[in-house]
Amino acid sequence: MADTNVESNPLLQDFEFPPYDAIEAKHVHPGMHALLRKLESDLQELERTVKPSWPKLVEPLEKIVDRLDVVWGIIKHLKNVKDTAELRAAIKEVQTDKVNFQLRLGQSKPIYNAFKALQESPNWKMLSDAQKRIVQKQIKEAVLNGVALEDGKREEFNKIKQELEKLSKRFDENVLDATKKFEKLITDEKDIEGLPTTTLALAAQMAVSKGHGDATAEDGPWVITLDAPCYNSIMRHAQNRDLREEIYRAYVTRASSGDMNNTLIIDQILKLRMERAKLLGYNNYAKVSMATKMATIDKAEELLEKLRVASWDAAVQDMDDLKDFAKNQGAKESDEMSHWDIDFWSERLRESKYDINEIEAADGLTPVWNNDVKFYRVKDSSENAIAYFYFDPYSRPSEKRGGAWMDEVVARSCVLSRDGASARLPIAHMVCNLAPPVGNELSLMTFREVQIVFHEFGHALQHMLTKQDEGLVAGTKGIEDDAKELPSQFMENWCYRRDTLMGIAKHYETGESLPEDVYRKLLAAKTFRAGSLSLRQIRYASVDLELHTKYIPGGSESVYDVDRRVCEKTQVIPPLPEDRILCNFPHIFSAGYTAGYYSYKWAEVLSADAFSAFEDAGLNDIKSGWQAVKEIGQNSEIRFLLSEVEKLHYRSSLNFEDMSLHLTHYSGITAFYQLQHNAVS
Ligand SMILES: [Zn+2]
């Protein structure tokens, strides 16, 4: 039921922080409609009065863009973390109008012409780098948004855009629904042998929520699901091979059949993207995507191929090691290792080599984290607030989508100052799907989970620590998509730093620091199976590029054929014939990584460079624990690094060599190959 009282609609209030406790599905439809009406009249006013100057063009434009971004961002966020049927229906109702408005804004000729006039005017020279960046970006985006298309073609373009939005939404819903739909009740304790108590507790808690009121971790029954904490634990620890196989098959075929089948949606998405590219004068969609990135298709392919070659032998060796190990353990499957054996035996091999099963005590940041969403204020050394962030740590399979991400709530901006004097401060969302605490137990994080938190915090830092007051390019805004994973992967490096890890990893009962020998083993395990893991990302990146360059929707090859062909060069054992992992791969079909999954590898090279710059600066000499991070923070080195990165992006015709040279005086490729080399030796 829609609540039509616009005055009291929380989405429309002037808020510093979104009133998350008050916003409900019923506010979406009336709120968005009132907002779009208001923005449409603001846009008409801007088009009527626009001049090629900052106050008459960019400032009013930023206000319009920001208002829509902030309100729609809240709605999108709620859908990601608190999905309900009512919210889905409400979004569906307003989606077309929202996209229409965005198209109308993106294709506004008066605005486009004013930006071009500004670029050609004598005032151009007076603009700051950031301002020039905004102008160039606006012009480029307007063209990609179809501003220059003739009327008939523009109509077609807009129809495609509307259709694509709907398809992406359907794609995501199918993944979530298919994941939610699967559950397996286990009553025989033979079937759960090997599973850690945390997983059993989680599975018992799930059983209770499904009506098995007396379920306990020790005696069951247990309900197994496909959400990440449960799935990963089964793959790594369940001794029952049949159970692993069943769960694996369910996992890689999610959203590939019945009324949740994403196969046709994928083909339709690829077809429409191709049509959209052609309307814009490009012969494939990858070229549209690359128009706003650092890389070119050739450069991205070249990087992937170099990394593939560098990783292949190591991955073959990984597999041989695994087979030998399993054989020595008397495993029947040692000669016919299958997909559901790899994680399991890797984990056993890791334990035998490094004697750590992931590292339970790395429950680093617990003192300030809670079972629920937390809100933080970030202050500088003079105790002034500089940013805020929300942290939503735990998995909630019934309503929250999988994965981990950082999103902007609002960006730093002078134009949108709240007191008319100082810039509005940035606010971020950090969302993860960590294993939740069960009963009275704390949630203990695996080392990988600690890395994920550091990764997302890297994105959040880039958003929050910006000093840029121009809202349209502050923080992560306006950064090329293939450079966005730089600060995030940069932050992951800290997890391996002795002082950092020792500072946060305490035993959850005794409070003792991580034992030195465990730390050493952890370091030794850093490169464990690095070749195989690298190939996995290269598989996805290569499939993504190929689907957006050469693939012909409805042609002789299916998307799965392409995947299988790519796997011949990137996977040591071929995927199952029924593998439909593409059906639940939102990165390239519904999130922003279209023809851009290679960005993880691209930015990994950059981040390796950036981190070696820190190491060169003598990081090892600095005192222990968080103190080290704090001092560097106070020395503004992290801020310096990020602002350098930010500055680089204001220069046009930026290229990859440019960036890595600027940051470290090393070649990024060389630094990365050293890492790869270490992985082998
Ligand atoms: Zn990331």
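## Basis of the model

The model is predicted, so local features need pLDDT of at least 70, side-chain atom pairs count only at pLDDT 80 or more, and totals for chains, interfaces and linings use all residues. Residues are numbered from 1 along each chain as its sequence is written, and side-chain values use heavy atoms, with hydrogens and water left out.

## The chain as a whole

The chain has 25 helices and six strands. Both are DSSP runs, numbered from the N terminus: helices are H or I with at least four residues, strands are E with at least two. Of the 681 residues in the chain, 54% are buried. Buried means under 20% relative accessible area, exposed means over 50%, and partly exposed lies in between (1.4 Å probe, protein chains only).

The accessible surface comes to about 30500 Å². Carbon and sulfur atoms hold 49% of that surface. Areas come from the Shrake-Rupley method with a 1.4 Å probe; for residues, only the protein chains shown count as cover. Among contacts (heavy atoms within 4.5 Å) with a separation of 6 or more, 73% join residues 24 or more positions apart.

## Helices H2 and H5

Helix H2 covers residues 54-81, and helix H5 covers residues 129-144. Their axes come within 13 Å and cross at roughly 70°. Axes are lines fitted to C-alpha atoms, for helices over the stretch in contact; angles run from 0 to 180 degrees between N-to-C directions. H2 and H5 are therefore roughly perpendicular to each other. The classes are: under 35 degrees roughly parallel, over 145 roughly antiparallel, 65 to 115 roughly perpendicular, and the rest oblique.

Which residues meet in this contact of H2 with H5? H2 brings Trp54, Val58 and Leu61. H5 brings Gln131, Ile134, Val135 and Gln138. By class, the contact has five nonpolar, two polar and no charged residues. Nonpolar covers Ala, Val, Leu, Ile, Met, Phe, Trp, Tyr, Cys and Pro; charged covers Asp, Glu, Lys and Arg; the others, Gly among them, are polar.

## Helix H15 and Ser488

Helix H15 spans residues 485-492. Eight of its eight residues are buried, so H15 is largely enclosed by the rest of the structure. The buried set includes Glu485 and Glu492, along with Leu486, Phe490 and Met491.

Ser488 sits in H15. Ser488 counts as buried because its relative accessibility is 0%. What does the side chain of Ser488 reach? It makes a polar contact with the side chain of His455 at 3.5 Å. Another polar contact joins the side chains of Ser488 and His459 at 3.3 Å. A polar contact is a pair of N or O atoms within 3.5 Å; within protein, one must be able to donate a hydrogen and the other to accept it, and residues adjacent in sequence count only if both atoms are side-chain atoms. Leaving aside neighbours within four places in sequence, Ser488 is in contact with Phe454, His455, Gly458 and His459.

Gln468 lies in the loop between helix H14 (447-464) and H15. Gln468 is buried, with a relative accessible area of 15%. Its side chain reaches the backbone nitrogen of Glu470 at 3.1 Å.

Helix H8 (residues 228-237) is mostly covered, with seven of its 10 residues buried. Among them are Cys230, Tyr231 and His237.

Phe391 belongs to strand S4 (residues 385-394). Phe391 counts as buried at 2% relative accessibility. Phe391 and Lys374 are 17 residues apart in sequence, and their C-alpha atoms are 5.1 Å apart.

Ser8 lies in the segment before helix H1 (25-49). At 43% relative accessibility, Ser8 is partly exposed. From Ser8 to His27 the C-alpha distance is 9.4 Å, across 19 residues in sequence.

Most residues other than glycine have a negative phi, and most peptide bonds are trans.

Gly220 and Pro221 are joined by a cis peptide bond, with omega about -5°. Pro221 is in the loop between helix H7 (197-209) and strand S2 (222-224).

Arg529 is not a glycine, yet has a positive phi of about 60°. Arg529 lies in the loop between helix H17 (516-524) and helix H18 (530-547). Arg529 is buried at 14% relative accessible area. Ala595 also has a positive phi, near 45°. Ala595 is in the loop between helix H20 (586-589) and helix H21 (599-616). At 0% relative accessibility, Ala595 counts as buried.
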